Amino acid sequence: METKNFLKYRISTRNYKNEKLDEETSKKIYEIVNEEAEELGKENLAFLLNTDGESVYKALDGVAGYRGVMIKAPAYIAIDARNNDPATIVKGAYGAESIITKLSKLGLGTCWITVSEVDELVKQTAFSYSEGDINILLAVGYPLDDEAHEHSYFDRGATEDLVFLGDFDTPATDEDLKYRGLGHIFDYAKFAPSTNNRQPWRFLIVDDEMRLYIEDYKGYENLIDAGIMMYYIDELSKAYAMPLGFEVDPKIGNDKYTYIGMTKM
């Protein structure tokens, strides 16, 4: 499926078949997560696969989950940040979304689970690791055939609410974006998932730069939102033969708009 269609119809799987991943599938997932860590920098990030889903579920049930309910899945992938740099969290979310795209091609469903508030000893029970910190999980497994999903394209803000020219008082029109070759990219990028579908991303176009900000930054989860959006902007730009690529350098402060990174157009 093309990136734009995958994004428009991207769904989270919250109910899985009670079916363990077979050896061949597990091997492919190991290869995918290791390749992603190599690409993003193993000194900063690791992606840990645990195919004993029952043990992870038991350790985290009651203390983690999607909106307070732990997702039961055959396997889980943990994103292990090896430092406290906000850029590492952004890149980890970017990598996780890349993994989600690749797993979907294997017929696997996924769901984000935040465990940033879970006690460290509990997380170490679920995943054996000795360095770094785990704050994000992906539930992984075969979706139930009859599971009902909500498509992500409902209740999305207009592009002019997300993209601005020169300053945040000047919304970009469809004509502005089309002139710069960005119209189609933002037509689909706005479908990217975010925490509670808040769509906190704001893009500011200044000369030949496109800068990504978070409006009313609320913390860790917004760094995840930013990484996901960066991934889809990159993938969509490739689909339209104008690859971009972000430089990630978050500036966390108390301003209304928190700078995350930029790309040259």
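Predicted model: local features only at pLDDT ≥ 70, side-chain atom pairs only at ≥ 80, totals over all residues.

Biologist: Start with α4 and α8. At what angle do the axes cross, and how close do they come?

Modeller: Helix α4 covers residues 86–104, and helix α8 covers residues 220–239. Their axes come within 7 Å and cross at roughly 50 degrees. That makes α4 oblique to α8.

Biologist: Right-handed or left-handed crossing?

Modeller: Right-handed, as α4 passes α8.

Biologist: Which residues meet there?

Modeller: From α4, the contact takes in P86, I89, V90, A93, Y94, E97, S98 and T101. From α8, it takes in Y220, L223, I224, A226, G227, I228, M230, Y231, Y232 and D234. By class, that contact has 13 nonpolar, three polar and two charged residues.

Biologist: And how does α2 pack on α4?

Modeller: Helix α2, residues 23–40, packs against α4 at an angle of about 150 degrees. The axes are 10 Å apart. The angle is over 145 degrees, so α2 counts as roughly antiparallel to α4. This crossing is right-handed.

Biologist: Which residues make that contact?

Modeller: On the α2 side, I29, I32, V33, E36 and L40. On the α4 side, K91, G95, S98, I99, K102 and L103. The class count is six nonpolar, two polar and three charged residues.

Biologist: Switching to strands. What's the strand order in the open sheet?

Modeller: The five strands run β5-β6-β7-β9-β8, and the pairing is mixed.

Biologist: Which strands stand at the edges?

Modeller: β5 (163–165) and β8. Each has a single partner strand, so one side of each is left without a neighbour in the sheet. Ignoring direction, neighbouring strands are turned by 25 degrees against each other on average.

Biologist: Which strands does α4 touch in that sheet?

Modeller: α4 packs on the sheet and touches β8 and β9. The direction of α4 makes about 130 degrees with that of β8.

Biologist: Stay with β8 and β9. How many bridges pair them?

Modeller: Three, in the antiparallel sense. β8 is residues 247–251, and β9 is residues 257–264. A hairpin of five residues links β8 to β9.

Biologist: What is K251's bridge partner in β9?

Modeller: Y259 is the bridge partner of K251.

Biologist: Now β3. Mostly covered or mostly open?

Modeller: Mostly covered. β3 spans residues 109–114, and five of its six residues are buried.

Biologist: How many bridges join β3 to β4?

Modeller: Six bridges join β3 to β4 (residues 133–141), and the two strands run antiparallel. W112 stands opposite L138 in β4.

Biologist: Last one. Where does D174 sit?

Modeller: D174 is in helix α6, which is residues 174–179.

Biologist: How accessible is D174?

Modeller: D174 is partly exposed. The relative accessible area is 48%.

Biologist: How far is D174 from E160, C-alpha to C-alpha?

Modeller: The C-alpha atoms of D174 and E160 are separated by 7.6 Å. Along the chain, the two residues are 14 residues apart.

Key
Residues numbered from 1 in each chain as written. Heavy atoms only, no water. Axes fitted to C-alpha atoms, helices over the stretch in contact; angles between N-to-C directions. Helix = DSSP H or I, 4+ residues; strand = E, 2+ residues; numbered from the N terminus. Parallel < 35°, antiparallel > 145°, perpendicular 65-115°, else oblique. Left-handed = near helix turned anticlockwise from the far one by under 90°. Contact = heavy atoms within 4.5 Å. Nonpolar A, V, L, I, M, F, W, Y, C, P; charged D, E, K, R; others polar. Buried < 20%, exposed > 50% of the residue type's maximum accessible area, 1.4 Å probe, protein only. Pairing = 2+ DSSP bridges.
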